[in-house]
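Dear colleague,

I am handing over the structure below, and I would be grateful if you could look through it with the notes that follow at hand. They take the side-chain contacts first, then the pocket, and then the backbone.

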Amino acid sequence: MALAFCSKKIVTGLKLVINASQRQSASQLDMLTYLINGKKVHSGNNILQTTFSDINANLLTSEEKCSNFIRYYKTISPDEQEILLCNLARNYGIDTQNVVAVLNAALSGQDRGQMQILASSERMRQALKPKFKLLFSHIGKVKDGVKFLVDLRADVLKFRQKDQTELNGVLYQELNTALRDLLLLWFTVGLLNLERITWTASCDLVEKVSMYEAVHKVKNWEDIKRRVGPYRRCYIFTHSSMPREPVVVLHTALTQEISSSIQGILRNVRLRYSSIADDQTIGKGLEYFSGLDEKNVRQSDSDNMNFNSDTEDPELVKAAIFYSITSTQKGLQGIDLGYYLIKSVVSKLKSEFPDLSQFSSLSPIPGFRDWLLLNLNRRGSEAGDPILYPSEMEALARYKWLGSSPPLDKFKHLIVSHEWYRDKELMQVMKVPLMRLCAQYLYKQKRRNLALNPVANFHLGNGAVLWRINFLADTSLNGLNRSCTMMVNYRYYLENADANSRNYLENFQINASSDVLDLLKEPK
C-alpha cells in the first residue's frame, strides 16, 4: 500500500510537471524564435529532426548523422548554439508521458511477483534515459567525438551560468548530467595515458603545456625549457580519443628539501621589483624596496643544483614538490583526475629515485586576501576569532606615518595598498597576523564541512597534511594580490594518505601539523 501510494504521488507530480513544462516550453520557444528571428533557428530544429530520425538504423548512418551534427554545431554562432542546446534538451529529453505510462503499468502489475517488478524496473530505467544521451553515446564513437563532447559540456556549463531562467536552467542541467555521466565512464584512470614532457617532446605538446599553465604563467621558451629540464618533471594525462591533447598537467620540482618559495623553483630568485614597481597601486619607484634583498626571501634549495647540466645527481634528490597542477579542459569540471595523476607520478618517481621519501605540494592560496578583506569590512571573522590581537595592534600603532585611524583600518589599508611589503621592519610586523589569519582561513573556514579553499579541499581530500604555511613564498604581483605572498605545503605521507583522506571526507577533520596549529594561538 505504501509503495502504491508513493507511486501515485509520483505520477500526479509528473503530470503537473508535464503540463507546466508544456506551457513554459511553448512560451519559451516563441520567445527564442522572436529573439533570433532568422533562418538558423529553423535550421537548428531541422538538424535535430534529421539527426534523430533512424539514428540507430546502422553504424554508417549513425556516424554520418553525428558527423553532420558536429559540423553544424561548430559553424553556428554562440547565441545559436545556446538555442540549439535548449531545443535539444526540450524536445529530445526524457519523455515524461512515457514515464507516467510505465509507472502506471508498474502499479497495475506490482502484485504479479518479483519477475514483473524487475521487468517494470528495467522499463522505467529505459524510460528515464533522455533521447539526447543516445546521440552523445553515438558521437563518442566517431573521430574526434570525445573531444567534441568535452567542449560541448564546457558550453553547457557556460550557458547554464549565463541563463538565469528557471526552465532553461533545468534543461541545461539535464544536458550536463548526461554528459558528465558519460565522461565519468570514459575518463577513468585505466583509459588515460601517462606521458612525460621533456624539451625533446613534440613542439605541439610543449606548446600546449605552456599555453594551459594556469598557476604560474610561462613567460617564454626559456622558461618552459627550465620547467621540463634537469631536476624537473612534467607529466600529463592524455586520453586515447584525444591523443595529443593534455587533459591534466602536473609540474614537479626535484629538490633536497621541501621548498618554501616558488621563486627558487621557477629560477626567479630575486624579488620581482620591476613587476611591482609597474603597478600603480604598489610602486612609485625602486626606493620603496631599498630595505629588501635576496636574504629576505627564503630560497629553494634547488638553487644549489646545476640546471645547466644535462645530467642529474640522484643523491641530491630528496623531495618531490608538486608546484603546479592544471586541469586543461573546462568540460571535465568535477571529474577528478588530478589525484590519479599525482598518484601515478609518485609511483614513477619512486621507481626512478628509490631513496625519494618526501612528497609535498607548494600550493597557492587563492581567495585568502579576498576573504581577509571581507572580514575586515565585517570587523571580525564568522568564527568569532579576532582579526588582530592587542599586541598586534600595539605593534602597528608605532608606525605614526600610517595616521591616527583605528588599527583595523590601518591593517586594511596596508593589505589593500601592499605598503607593508615596501618596508622591511613593517613586513616582519605584518608577518605574525598574516600567518595566523592564513592558518585560520585554511584550517577553520569550511563550506559544507569541507575546507573553503578549493586547493586545500583538493589536497586534503587526497590524503595530504596541512604541513606548513610559507611567508614571502610568492612575491610576484599575483602572489601579493592572491594571498599576501603566502603559499602552503600540503605534505603527502604515503603510508597514511588513505586514512587521512577517509578521515577528512567522512569525519570532516583536517590533519594539520603542530607548526600550523601553533599559528592559531594568540601571540605572546
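**Salt bridges**

In this predicted model, Asp-151 counts as partly exposed, with a relative accessibility of 34%. Its partner in a salt bridge is Lys-147, with 3.2 Å from N to O, and Lys-147 is likewise partly exposed, at 23% relative accessibility.

The salt bridge between Lys-208 and Glu-245 has its closest N and O atoms 3.2 Å apart. This pair ties together distant parts of the chain, with 37 residues from one partner to the other: Lys-208 sits in helix H10 (residues 203–212), whereas Glu-245 sits in the loop between strand E2 (232–239) and strand E3 (248–255). The two ends fall into separate accessibility classes, because buried means under 20% relative accessible area: Glu-245, at 11%, counts as buried, while Lys-208, at 21%, counts as partly exposed.

Helix H11 (residues 221–227) holds both Arg-226 and Asp-223, which are separated by about one helical turn because they are three residues apart. They form a salt bridge whose closest N and O atoms are 3.7 Å apart. Here Arg-226 is partly exposed, with a relative accessibility of 33%, and Asp-223 is buried, with a relative accessible area of 4%. Elsewhere, salt bridges with shared partners bring Asp-79, Glu-82 and Lys-162 into one network.

Helix H11 also contains Lys-225, which is partly exposed at 38% relative accessibility. From the C-alpha atom of Lys-225 to that of Ser-210 the separation is 9.9 Å, for two residues that are 15 apart along the chain.

**Cysteines and a buried asparagine**

How many disulfides does the structure hold? The number is zero, and in general terms a disulfide is a covalent bond between the sulfur atoms of two cysteines. As for individual cysteines, Cys-66 counts as buried, with 0% relative accessibility, and Cys-234 is also buried, at 0%.

Asn-168 has its place in helix H9, which spans residues 166–186, and at 2% relative accessibility it counts as buried. Which residue does the side chain of Asn-168 meet in a polar contact? The partner is Thr-165, and the contact between the two side chains is 3.4 Å.

**The largest pocket**

Rolling a probe the size of a water molecule over the atoms is what shows where empty space is left. The largest pocket holds about 910 Å³ of space. Its lining comprises 37 residues, and those nearest the centre of the pocket are Asp-336, Pro-454, Val-455, Asn-457 and Phe-458. Two or more lining residues come from each of strand E4 (319–327), strand E7 (450–451) and helix H19 (454–461). Sorted by class, the lining of this pocket consists of 18 nonpolar, 14 polar and five charged residues.

**Backbone positions to check**

Asp-144, although not a glycine, has a positive phi of about 65°. Asp-144 is placed in the loop between helix H7 (131–139) and H8, and it is partly exposed, with a relative accessibility of 45%.

The other position is Arg-448, which is not a glycine either and has a positive phi near 55°. Arg-448 lies in the loop between strand E6 (446–447) and E7. Is Arg-448 buried or exposed? With a relative accessible area of 78%, Arg-448 is exposed.

With best regards

Technical notes: Residues numbered from 1 in each chain as written. Predicted model: local features only at pLDDT ≥ 70, side-chain atom pairs only at ≥ 80, totals over all residues. Heavy atoms only, no water. Salt bridge = Lys/Arg side-chain N within 4 Å of Asp/Glu carboxyl O. Buried < 20%, exposed > 50% of the residue type's maximum accessible area, 1.4 Å probe, protein only. Helix = DSSP H or I, 4+ residues; strand = E, 2+ residues; numbered from the N terminus. Disulfide = S-S within 2.5 Å. Polar contact = N/O pair within 3.5 Å; in protein donor to acceptor, adjacent residues only side chain to side chain. 1 Å grid on protein atoms, 1.4 Å probe; cavity = no way out; pocket = protein on both sides within 12 Å on 5 of 7 lines; lining within 4 Å. Points joined across faces, edges and corners; volume = space filled by probe spheres on them. Nonpolar A, V, L, I, M, F, W, Y, C, P; charged D, E, K, R; others polar.
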